[in-house]
Amino acid sequence: MADKGKFYITTAIAYTSRKPHIGNSYEIVLTDAIARFKRLQGYDVFMLTGTDEHGQKIEEYAKAAGVTPKEYVDKVAGEIRGICDLLGTSYDKFIRTTDDYHEKVVQKIFKKLYDQGDIYKGEYEGMYCTPCESFWTESQLVDGKCPDCGREVKPAKEEAYFLRLSKYQKQLEEFIESNENFIYPEARKKEMLNNFIKPGLQDLCVSRTSFKWGIPVTFDEKHVIYVWIDALSNYITAIGYDPDGSSDMYKKYWPADVHIIGKDIVRFHTIYWPIMLMALGEPLPKQVFGHPWLLFGEDKMSKSRGNVIYADDLTKLLGVDAVRYYLLSEMPYASDGSITYETIIERFNSDLANTFGNLVNRTIAMCNKYFNGVINEPDCKEALDDELEQFALDTVKKVEKCFETYRVADAIEAVLNLAKRSNKYIDETMPWALAKDESKKARLNTVLYNLLESIRFIAVLLSPFMPETSEKIFAQMNCDIKDYDSLASFNGFRAGTTVGKAEALFQRIDTEKMLEEIHAKQEEAQAEEEKAEEKEIPEISIDDFFKADLRVAEILDCEPVKKSSKLLKLQLNDGSGKPRQIVSGIAKWYKPEDLIGKRAIIVTNLKPIKLCGELSQGMLLSGEKGDDVRVTFVDMEPGAKIC
C-alpha cells in the first residue's frame, strides 16, 4: 500500500478533576476510530491524547482529599489513561501537562509572547467561575451565573498577564472565512463568528496569582501560567515544538489535520488557540471538529444527578467492542446522543448478536456442514451475486465518504447495512435448499464464497470500530487478507481456504435479567454511600442549617418503582403550584395506600437525582432506629415552612 502522507489527529486533553464517565470516553473512541481508518487507508498517523493537570480547581480537590496536587493528578491521570487502554484506543502518545518537557516549553512560549509585546501585565476585575476557570463580565453572565456551566460565580480582582486577542481579531476572522472547513460542523463556525469574534474580542487573562498549582512565569514568580497557554500548547509540545528550535517530528506532523473536541470548548480551540499560533508565527491546524455530547437519556451526565455510567462498568457487562460500537453508532453528527442501559442492550441484541453475529455464525457453520470447511473458486454466478458484490463495493465508497467529514455513525451504519444485505442474500439463495440437490453443489459453493467475501469486507471495514471483533471474524474465516486495497474488487477471499469453527461473536442478553442486576448494584452502591455519610456527622453552623428548605407536602399519589423492591415514587403537593416527585427507600415499611393523603415534611432544595430511572426532586424526612423507619407526618397546610 502506498504511503498517503501524514495525518496528525488529537483529542482534547482530559481535565484531571475526577474519573471520567462514559460521555467523556466517547471522544477518545471517536478519535481512535478515525485514526484507525486513516491507518487502514495507508496514512502515517500520529494520534495524541492526554491530561490537563493544573489549575485552581485541582488545588482545591487535592486539599479536600488531603494530598498534594501532584499526588492527586497522578491518581486521576492514571485512571484516565487506564480507561483509554481499556477501550482499546491506539494513541501514539499520552501527554501530561505536568511533564517536564511540556512545562519548560510552555514557559518559553509565554516569555516569547511577552518579549514581542503580545502578552502584557494588567489587572483583572470580574466574576470568576472556579469549575470553568473563566472570568466573566456582568453582562456575560446568564441569570447571574456562569454562561458555560450555569454554576455560581464570585467577584475576583487580581494582577494578571493578558494575551492581545484584539490585535489578531481581523486576521482570525479572515482566516476562518477563507478556510471554510476549518471549523466543523458549519453551525459551530457560524456561532464562533457571529457570537464571539465579530462583536469584538477582549484580551485574554493568561496568568493567575491567587493559586500556586500551575507552571510558574519565569520572570515574575508571583504568577502561574493560566490554563489556556498551558493546556492548548500540548498539541505542539508533544511533538517537539520549541521556540528555540523545533524537532524534525514537529516539522513532519504539524499542522494538525484535525483537533477532535467537545462542542463546549470550540471557542477556546478556534479563537484562543489560533491566535496563540499566529502570535508564535506557526501554522494553524487544518480543522477543528466539535462533536456533540453523549447524554444519559435526555440529561447531561453528572454525579449529582445520579446518572453517571463509567466505561469500566459497562465493559464488564458487555465487552469492549460492544461499548465502542454503541458509542460510535448512537451519536448523531451534529446533535447530542443518548445512552441508557435499555438502549445499549437493545442495540447489542439487534445489531451485534442478530445481524453481525448471526451472519458470521451461520455462514461458517454452513461452510463446515456442506463442504467440510473448504470453499473453492465460484463458477456458478447469478444476478443476485452481482447485486451483493455491487452493494459491498458501494459500501466501501460510502464509508470512505463518511470519514471525510467525520460522520462516523453513518459510516458504521453503512457496514451494518452490508451485513443486513448479506443476511438477506442468505434468505434469497436458501443454501439449505441448494444442499439437498447434488446438481446445485457448484451454485452452493458460489453462494458461500460470496458470503465469505462479503464478511471479509465487513471485517476489514469494522476494524476501526471494533478491532477485536474484526480479528475474531478473520480467525473464524482463517483469512489474512485484511488490507484496505483488497476492497477494490470482490474476490479477495482465497479459494481453497479451510474455514475455522463457528463460534458466537456475541451472546444475546436477557434484558430483564441484566437490568435487574444493574439496578441491584445501583441500590447497593447508594446504600454504601449513605452508610459512609453516616459514619461522620460534621458540625454545621446555623447558616448551614437554614440552607435546607423544609416544607410540608401532601402525598397525592404513591406507587412502587418497577425496577426496585426498596423504592416508592410519591407525587406531592408542596404548596408551590408545581408538581413534585420524590423517590424514597421506604417500601419495606410502608405500602402506597398507607401514605396517600398524609402530610409529611420534605427537603425541597436538594439537587435532583435519578434512582432506578425515576427522577427524585427532594427528600422525605423520616426517623430511623435499628431496622425501623418512620416518616414524619404533620397536621399543617402544604407549603408551610418548617423552621
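**View A. Strands β17 and β18, joined side by side.** β17 and β18 run antiparallel, with six bridges joining them. One place to look is Pro 560, whose bridge partner in β18 is Leu 568. Keep in mind that this is a predicted model.

**View B. From β18 across to β19.** Strand β18 covers residues 568-573, and five bridges tie it to β19, again in the antiparallel sense. Here Leu 570 has Ile 582 of β19 as its bridge partner.

**View C. The other pairing of β17, with β20.** Strand β17 (residues 550-560) also pairs with strand β20 (residues 599-603), antiparallel and over five bridges.

**View E. Asp 257, tucked into a loop.** Now for another spot: Asp 257 sits in the loop between α9 (248-253) and β13 (258-262). Is Asp 257 buried or exposed? Its relative accessibility is 10%, and buried means under 20%, so Asp 257 counts as buried.

**View F. What the side chain of Asp 257 meets.** A polar atom of the Asp 257 side chain lies 2.7 Å from the backbone nitrogen of Tyr 8. The side chain of Asp 257 also makes a polar contact with the side chain of Lys 286, at 3.1 Å. Leaving out residues up to four places away in sequence, Asp 257 touches Lys 6, Phe 7, Tyr 8, Lys 286 and Gln 287.

Methods
Residues numbered from 1 in each chain as written. Predicted model: local features only at pLDDT ≥ 70, side-chain atom pairs only at ≥ 80, totals over all residues. Heavy atoms only, no water. Helix = DSSP H or I, 4+ residues; strand = E, 2+ residues; numbered from the N terminus. Buried < 20%, exposed > 50% of the residue type's maximum accessible area, 1.4 Å probe, protein only. Polar contact = N/O pair within 3.5 Å; in protein donor to acceptor, adjacent residues only side chain to side chain. Contact = heavy atoms within 4.5 Å. Pairing = 2+ DSSP bridges.
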